[in-house]
Amino acid sequence: MSIVENYHSDESDDGKEKKEILQRMECFNRIFVVASSFVQLYYEKYILKQPCMDSKQTGETWIREVLDGHESRCMINFRMSKMVFTSLLRVLETRYNLQTSRNISSTEMLEIFLYILGTGAKVSQCRERFQRSGSTISRHFAIVLEKVSRMATDLIAPEDPFFSSIPEQIRNDSRYMPHFKDCIGAIDGTHIAAILPPNEQVPYIGRKGIPTQNVMAVCDFNMCFTFVMAGWEGLAHDTRIFLDAIRDPKYKFPHPPNGKYYLVDSGYPQMKGYLGPYRGQRYHLPDFRRGRPVSGKEEIFNHSHSSLRSVIERTFGVLKKKWAILRDMPSYSFEKQTMIVVATMTIHNFIQKHVGRNDADFMEYEDINWAYENIIHSENAHGRESDDDDDDDDDGDDGESNNSSDFEMELTRDAIASSLMNSL
């Protein structure tokens with residue numbers, strides 16, 4: 001090999017080496033730029049934090065302003081008076097162990113919970129209102145929900161488990177006394193909109209065309225819930241839910257003592273302890289107001305039965321008006337949606353037991369005729385299955401249809417009808 005060839009070979013090797021060095025430097029520069037960007041982002045996010053919730057009015061400040069302000073502000077935002085709120089907070093703290101955490105007081109936890117139930121606010125709206133992160137809002141909502149769910153066991157139950165006395169609302173009203181002296185409450189179902197994945201919706205879609213959960217409840221004549229069974233599919237028949245509730249001991253249904261009974265509509269089986277109306281006759285109060293005068297003992301009985309049983313319709317009316325979340329349920333898990341329904345009923349009872357008819361929402365539903373018209377309109381708008389539509393459905397449960405009627409309850413109904421006829 002000549003000297004010239006050796007020289008050109010060395011020159012070529014040097015060029016390759018320089019090119020490799022330049023490529024390495026360029027790669028290193030890119031890595032450095034990327035790494036610097038990550039370091040800057042980390043610094044800005046975790047070290048030099050710019051608070052997202054930077055309002056001067058913190059959640060605690062706003063809450064104190066509401067609780068120290070006009071009574072109406074507490075009613076609008078938390079759906080109860082300041083006195084009831086204070087009592088509820090004390091009960092949850094002392095009996096159900098709701099505790100202040102390091103960063104948030106038990107007062108603010110309860111306010112967040114009631115604000116979501118009462119206004120239907122989404123987490124994003126609560127973040128701004130309470131100046132808290134979304135995770136903080138969700139976590140403490142779940143904490144209070146668990147405490148209120150425990151309270152439900154104590155509050156959703158009959159005042160007198162033996163039903164030893166005649167309800168005051170019957171005893172002091174000549175329309176019902178002595179005819180319905182053995183009545184202890186009313187039973188009905190309502191539908192609450194449910195949020196479910198598309199592949200799970202079919203069993204929950206009833207005649208109204210939207211997914212709902214079918215909720216069966218019992219109430220007394222104080223407009224308090226004494227039993228609830230929530231979480232059934234919207235397509236489930238009222239009779240199926242009812243029979244499951246009264247037959248399975250785990251639900252602890254408050255069965256009527258011998259000689260006592262609940263009022264039910266024609267969508268339920270008329271069996272011992274459960275008194276329904278005469279079928280094939282006018283029943284709903286608006287039907288009587290719009291049509292001819294009441295005539296015959298069967299219509300007289302149905303009119304009185306409907307009037308007295310309207311307490312469950314009115315109780316549902318108060319519940320749905322007070323708690324906006326029931327009209328626009330967020331996309332929680334279905335289990336949590338069911339817990340929310342029971343929680344609203346629990347707080348409903350707490351309010352009624354503490355202020356009775358002095359609560360504005362309860363007062364509004366005292367007028368039977370006004371409330372019944374408005375309830376029917378509201379319930380139809382929110383997916384309530386008409387109990388008239390239920391009459392011909394077959395629940396397929398143990399061969400027991402809605403058309404079966406217990407002979408003893410037939411005699412009771414006939415006796416009451418005759419008594420009402422004779423009292424005119």
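Helices (H or I, at least four residues) and strands (E, at least two) are DSSP runs, numbered from the N terminus.

This is a predicted model: local features need pLDDT of at least 70, side-chain atom pairs count only at pLDDT 80 or more, and totals for chains, interfaces and linings use all residues. Residues are numbered from 1 along each chain as its sequence is written, and side-chain values use heavy atoms, with hydrogens and water left out.

**Exercise 1. Burial of a strand**

Task: Is strand β1 largely enclosed or open, and why?

Solution. 
- Step 1. Buried means under 20% relative accessible area, exposed over 50%, and partly exposed in between (1.4 Å probe, protein chains only).
- Step 2. Count. Ten of the eleven residues of β1 are buried, so the strand is largely enclosed by the rest of the structure.

**Exercise 2. The cores**

Task: Which residues of the largest nonpolar core touch the most other members, and which helix gives the most to this core?

Solution. 
- Step 1. Define the set. A nonpolar core joins buried Ala, Val, Leu, Ile, Met, Phe, Trp, Tyr and Cys residues through side-chain atoms within 4.5 Å.
- Step 2. The largest core has 82 residues, and Phe-113, Leu-114, Phe-180, Met-345 and Ile-347 touch the most other members.
- Step 3. Find the main contributor. Helix α12 (residues 334–355) gives the most, with nine residues.
- Step 4. Separate the other core. Another core, of 19 residues, lies apart from the largest one; Ile-187, Met-216, Phe-227 and Tyr-274 are among its members.
- Step 5. Inspect Leu-114. Contact means heavy atoms within 4.5 Å. Neighbours within four places in sequence aside, Leu-114 is in contact with Asn-77, Phe-78, Met-80, Phe-85, Leu-88, Thr-119, Trp-323 and Ile-347.
- Step 6. Inspect Thr-344. This residue is in helix α12. Thr-344 counts as buried because its relative accessibility is 0%. Beyond residues up to four places away in sequence, Thr-344 touches Leu-117, Leu-319, Trp-323, Ile-325 and Leu-326.

**Exercise 3. Salt bridges**

Task: How many salt bridges are there, and which parts does the pair Lys-321 and Glu-364 tie together?

Solution. 
- Step 1. Apply the rule. A salt bridge is a side-chain nitrogen of Lys or Arg within 4 Å of a carboxyl oxygen of Asp or Glu. The count comes to 22.
- Step 2. Arg-30 bridges to Glu-26, with the closest N and O atoms 2.8 Å apart. Both lie in helix α1, four residues apart, about one turn of the helix. Arg-30 is exposed at 55% relative accessibility, while Glu-26 is partly exposed at 41%.
- Step 3. Take a second pair. Asp-173 and Arg-175 meet in a salt bridge at 2.8 Å, N to O. Asp-173 is buried at 17% relative accessibility; Arg-175 is partly exposed at 45%.
- Step 4. Take the pair in the task. Lys-321 and Glu-364 meet at 2.1 Å, N to O. Lys-321 lies in helix α11 (residues 296–322) and Glu-364 in helix α13 (residues 360–364), so the pair ties together parts 43 residues apart in sequence.
- Step 5. Extend. Through shared partners, salt bridges join Arg-79, Lys-321, Lys-322, Asp-359, Asp-361 and Glu-364 into one network.
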